[in-house]
Every structure is written in structure tokens, then in C-alpha cells.
Amino acid sequence: MRRLKKNIYLGFCASVLGVLTILRYTTSLAGTSDVQPEPAAADTVQTPSPAAPPRASLSVSRPHPIRSVPSYDRAFPDPQDVQIRAALKWGVKPVLSRVQAEHRKSELVYVGSNPFYTIDPAMRSSIPYLVPRASNLLQDIGRNFLDSLYVKGVPLHKIIVTSVLRTEDDVARLLRQNGNANEQSCHRFATTFDLSYNRYVTVSPPGEPQRRAVQNDTLKWVLSEVLRDLRQQERCYVKHEIKQGCFHITVR
């Protein structure tokens with residue numbers, strides 16, 4: 001049974017890495033990559049040690065350096081008034097309750113299951129639905145994050161989504177419980193989601209304890225590079241939330 005679980009795990013890792021390899025190869029053929037080689041910085045993560053999960057942390061011949069961004073606040077400055085305009089443009093009419101959400105699925109995409117990210121199991125104040133445009137953005141962030149970890153020689157981890165669509169009932173409940181909640185939350189329009197930057201899911205073999213081979217700060221640096229690139233491509237607005245420990249992201 002243990003050998004079967006290991007084979008299933010290796011097959012999953014090989015499939016994910018195969019998809020990432022194909023995507024990188026086609027991108028290089030299209031000439032879209034503008035990354036120039038640089039000397040390795042002091043915070044560059046080296047090829048994973050043998051203790052890392054097999055195949056999930058396959059190394060590349062010359063791992064790319066981890067650059068992060070000069071400043072989170074300067075790189076991700078998009079405030080509420082900027083994000084709400086995008087939410088109004090691309091979003092749905094606010095959903096009153098979770099019961100009503102069941103009748104609005106023709107407008108929404110279920111994002112509760114995906115190989116490139118994980119929905120926080122402790123999420124209580126929102127439900128995993130987004131408009132198609134935002135769903136595509138979330139999947140691209142998760143896939144690009146795994147791709148970046150691979151080319152930098154970092155063991156694979158998945159991002160954690162901590163907040164998605166909030167109904168009017170959810171917002172009213174949060175206003176009673178959380179002084180930081182906003183009555184005009186962008187989450188009401190299914191265009192916005194939060195990604196934790198201090199928690200990640202390690203890709204580990206089935207049946208074995210999860211192993212943390214990388215510090216959270218290192219993973220946050222890689223994630224910030226991914227978000228910066230997508231923001232520069234004008235695909236999203238991003239706010240670095242210090243108190244909430246997340247990146248607050250709205251599709252554009």
C-alpha cells in the first residue's frame with residue numbers, strides 16, 4: 001500500500017512538472033521571456049537537499065535567483081477605491097445570501113478544487129466562487145508560482161486562498177465581528193480573492209507528514225515576483241495587507 005501511495009504521488013508530481021515544462025517551452029518559443037541572467041543574490045535558494053520530497057523538488061542545472069520586490073507597499077499599492085472600480089466593472093451583482101448563491105452559478109465559477117492552489121479549510125466568511133475572469137487569474141497565479149519555484153530550485157508548495165466571494169450576509173456578519181471589515185468590500189462582486197503570504201501547503205507524499213523545507217519569507221519573495229509580473233501585465237490590482245497577512249487581489 002505504501003508503494004502504491006508513493007507511485008500515485010510521483011505520478012502527480014510528474015504530471016504537474018510536465019505541464020509546467022511544456023508551458024515554459026512554448027513561452028520561450030514565443031520569445032516572451034525578458035528575464036536577464038544575474039549573479040545569484042545572497043538570499044538565493046540553492047538546489048533542495050536530499051531530504052526534500054522526491055521529484056516534487058527536481059532541480060534545474062542553474063537555478064534562477066530569487067529577487068522579490070524592493071518594497072511590498074510600493075510594488076502593491078492599489079487601495080480600495082481603485083479595486084472597487086474594477087470590481088464594479090467586471091463583477092456580478094452582489095449576492096444576498098448563500099442560498100441565493102446557489103441560483104447564481106451560471107454567472108460564477110467554482111474554485112474550490114484546483115491542482116495549483118488550496119482553499120483554506122478554515123475559511124468561514126466567504127464561499128469559493130469567482131467570475132470566470134478572476135478564476136483564470138487565480139489559476140494562473142497558482143501555476144506561475146509552482147513554475148517559479150521549480151526554476152529557482154525550491155521545493156514545491158501551493159498557495160492558500162483565504163477569502164473569495166462574500167455574500168451580503170457574510171459582510172454584515174464580518175462588520176459585527178471585525179473592525180477592519182468594509183461594507184463596500186470588493187469580495188461582494190466575485191472579482192476579488194485573498195492569498196496568504198505566511199502560510200503555504202507543502203507538496204508531500206500521501207500518508208506522510210508535511211515537510212517544510214523552505215521559510216515562509218522565501219516563498220513570499222517568490223509569490224511577490226509572480227504578482228508583480230501579472231500586475232505589470234495589467235491583469236490585476238494588488239494590495240499588501242499587513243494586518244490580515246495576505247495579498248488582496250482584484251482582477252482587471
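Trainee: How many helices and strands does the chain have?
Mentor: Helices (H or I, at least four residues) and strands (E, at least two) are DSSP runs, numbered from the N terminus. Here you get seven helices and eight strands. Keep in mind that this is a predicted model: local features need pLDDT of at least 70, side-chain atom pairs count only at pLDDT 80 or more, and totals for chains, interfaces and linings use all residues. Residues are numbered from 1 along each chain as its sequence is written, and side-chain values use heavy atoms, with hydrogens and water left out.

Trainee: What share of the residues is buried?
Mentor: Buried means under 20% relative accessible area, exposed over 50%, partly exposed in between (1.4 Å probe, protein chains only). Of the 252 residues in this chain, 48% are buried.

Trainee: Where is His157, and is it buried or exposed?
Mentor: His157 sits in strand S4 (residues 157–163). It counts as buried because its relative accessibility is 0%.

Trainee: What does the side chain of His157 reach at 2.8 Å?
Mentor: A polar contact is a pair of N or O atoms within 3.5 Å; within protein, one must be able to donate a hydrogen and the other to accept it, and residues adjacent in sequence count only if both atoms are side-chain atoms. The His157 side chain reaches the backbone oxygen of Pro155 at 2.8 Å, and a 3.3 Å polar contact joins the His157 and Thr202 side chains.
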